[in-house]
Amino acid sequence: MPRGGLADWQARRACERLEADLGGKLSLQQIAAEFGLSASHFSRAFRKSIGLPPHQWLLRQRVAAAKQLMTMGELPLSEIAISSGFANQSHFTRVFSAVVGVSPGAWRREAQGAPDGAT
């Protein structure tokens, strides 16, 4: 455990709790209370242990979930956005583009589509 960070079991449990709640219904206060910590202390310790603040980590998990859904079929991006825990398609597109570097539509076409170098 990094100095000032969470114990390994706490980091694992915190990630499990956040991942199980991609919609973000749990508050940081609720998760922190499970470890007997304040929300601010938990947030600092999480960042020190995981490398990202809890909200940024959660956004990346949502992007990963969305990528999985996009490779599984032709669900509309608006449905994928909601299923992955984003507020709406606009929020999804903004976060996905910032994290991945391309829009969800472009990523899906590339993931489903033409082999590299195809014209």
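Mentor: The accessible surface of the protein comes to about 7000 Å², with 51% of that area belonging to carbon and sulfur atoms; such areas come from the Shrake-Rupley method with a 1.4 Å probe, and for residues only the protein chains shown count as cover. This is a predicted model, in which local features need pLDDT of at least 70 and side-chain atom pairs count only at pLDDT 80 or more, while totals for chains, interfaces and linings use all residues. Residues are numbered from 1 along each chain as its sequence is written, and side-chain values use heavy atoms, with hydrogens and water left out.

The secondary structure consists of 7 helices and 0 strands, where helices (H or I, at least four residues) and strands (E, at least two) are DSSP runs numbered from the N terminus. Of the 119 residues in the protein, 33% are buried, a word that stands for under 20% relative accessible area, as against exposed for over 50% and partly exposed in between (1.4 Å probe, protein chains only). Among contacts with a separation of 6 or more, 54% join residues 24 or more positions apart, a contact being heavy atoms within 4.5 Å.

Turning to the aromatic part, a search of the whole structure finds 7 aromatic pairs. Rings of Phe, Tyr and Trp (its six-membered ring) pair if their centres lie within 6.5 Å, and planes under 30 degrees apart count as stacked, over 60 as edge-to-face and the rest as tilted. The pair Phe35 and Phe42 is stacked, because the ring centres are 6.1 Å apart and the planes stand at 15°. For Phe42 and Phe46, the centres are 5.8 Å apart and the planes are at 50°, so this pair is tilted. Phe42 and Phe46 both belong to helix 3 (residues 39–50), where they are 4 residues apart, about one turn of the helix. Phe42 counts as buried because its relative accessibility is 0%, and Phe46 is likewise buried, with a relative accessible area of 0%; Phe35 is buried too. One aromatic cluster is formed by Trp9, Phe35, Phe42, Phe46 and Trp57.

For a residue of another kind, consider Arg108, placed in helix 7 (residues 104–112). Arg108 is buried, with a relative accessible area of 11%. Not counting residues up to four places away in sequence, Arg108 touches Met70, Gly73, Glu74, Leu75, Pro76, Leu77 and Ile80. A polar atom of the Arg108 side chain lies 2.5 Å from the backbone oxygen of Leu75.

Terms used:
A polar contact is a pair of N or O atoms within 3.5 Å; within protein, one must be able to donate a hydrogen and the other to accept it, and residues adjacent in sequence count only if both atoms are side-chain atoms.
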